[in-house]
Amino acid sequence: MGLKNCYKWRKHLAEISPFSGVRYNQEVVGDMASIICPPYDVISPEDQKAYYEKSDYNIIRLEHGIVLSDDTKTENKHSRANATFNKWLKDRVLVIDHVPSFYIHEHCFTYQNIRKRRLGLTACVRLEPWEKKVIFPHENTVPGIKSDRLELMRACAANFSPLLGIYEDMGQKVTKLLTSQASRKPAIDFAEASETHKLWVANEPEFVQRISHFLASKPIYIADGHHRYETALAYRDERQQETSSDKSDEAFNFVMITLVSFSDPGLIVLPVHRLIRNLSPEALARFRSDLETSFELESVPLDETNVPEISRATARVLGLETGNVTALKLHQSLSLKDIMPQEHSEAYKRLEISIVQHLIIDKLTALDKSSSIAYTPNIEEARQLVESGEFQLAFLLNPIPAATVKAIADANDKMPGKSTYFYPKLPTGLVINRLEGIL
């Protein structure tokens, strides 16, 4: 077996591979904190502008470029990303690791006043369709977002931001291997706001082989990046159609994923709260009466500094009563088996976000077609948006445990879109994966 092939193990499940990553030349760009940004889907227009101003080398120019008024089908943000990417490679702003490597990322942050550490392995994972049961989704996706990501992938032939995948690490075998590597001096080490990032490059043959072997027997659950994964599948299919020859080892058959263990203490899953606006007064009145047919309503004063927790609530609502938060508790006489969509699993039917989606959100939007929905994982932002009058209602949800994410995926089911927010987001810019050549 050749050296390249011994790094890959195929056991009916995931194929994990090291890759020759593209990384910023720190001698050129200086402080790494100035060049990273989050994934495209959480960047507001204001944030986008701020990242552009942070540094001439900020990866926002590749990940989520600004749209110009005179853009055309051939000259646009994606073509500019391609030109910038190639220029940075030529000018050695970006440099290529010529030895295929795994990348170990330590992400430290504060959550609820407690310092947390999340340890991830960034690798290339062979793309498999969902039905193969090798890579598991847990949320539905929206077509429009994938179209934009596909255009970027076609233009640049690269993954700029890693997906987040989670896996079971029984006996902490993988974690122990990663921790042993993290005792060395990191290749990248910087602080950005209240977060710190360290990155190690690991390519010793024994380490690579053991990691690939251990992870080959693990199904991978997509935590963050469903749209990017499905986009990568579409891109792979396009590239495979370019020629009839065997291209199974080509880089476009893989996608860059940062893998984190289910048992990692830094794996934080936040709920995504729902906000609604543009409801007519008639729709709001009808909604209130409809709510009472399915839920018990309990209102308590809204504290000036936070939103109070109400035990056993299916959800909490802001906006029904001025100055109050209203808890919704499903009537005990109702059977979820009877009132939830029959095509879904039992795990799905019991899920709080599923109940809110089918028994509340769907009914609300049916009452008034002009209504619109927004999402935020930040409970204080939801409160401010309702108090300011920008939105009429906010449905505040409880966190979904990572074990529930796995249970839904194992049941071959998917949660409603935007059900989970894995906090904090992985940074874009630590390492880039090119989709050209042999992996």
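How many aromatic pairs does a search of the whole structure find? I found eleven. I paired rings of Phe, Tyr and Trp (its six-membered ring) with centres within 6.5 Å, calling planes under 30 degrees apart stacked, over 60 edge-to-face and the rest tilted.

The model is predicted, so I kept local features at pLDDT of at least 70 and side-chain atom pairs at 80 or more, while totals for chains, interfaces and linings use all residues. Numbering runs from 1 along each chain as its sequence is written, and side-chain values use heavy atoms, without hydrogens and water.

**Ring pairs**

I looked up Phe109 and Tyr423. Their centres lie 5.8 Å apart and their planes stand at 85 degrees, so the pair is edge-to-face. Phe109 sits in strand β4 and Tyr423 in strand β20, 314 residues apart; strands are DSSP runs of E, at least two residues, and helices are runs of H or I, at least four, numbered from the N terminus. Phe109 is buried at 1% relative accessible area. Tyr423 is partly exposed at 25%. Here buried is under 20%, exposed over 50% and partly exposed in between (1.4 Å probe, protein chains only).

Next I took Trp130 and Tyr229. They are stacked, 4.7 Å centre to centre, with 25 degrees between the planes. Trp130 is in the loop between β5 and β6, Tyr229 in helix α9. Both are buried.

Tyr24, Tyr57 and Trp88 are linked into a cluster by ring pairs.

**Charges over rings**

I noted Arg149 over the face of Tyr40, 3.9 Å from the ring centre. Lys425 has its charged end over the ring of Tyr421, 4.9 Å from its centre. The test wants NZ of Lys or CZ of Arg within 6 Å of the ring centre and within 35 degrees of the ring normal.
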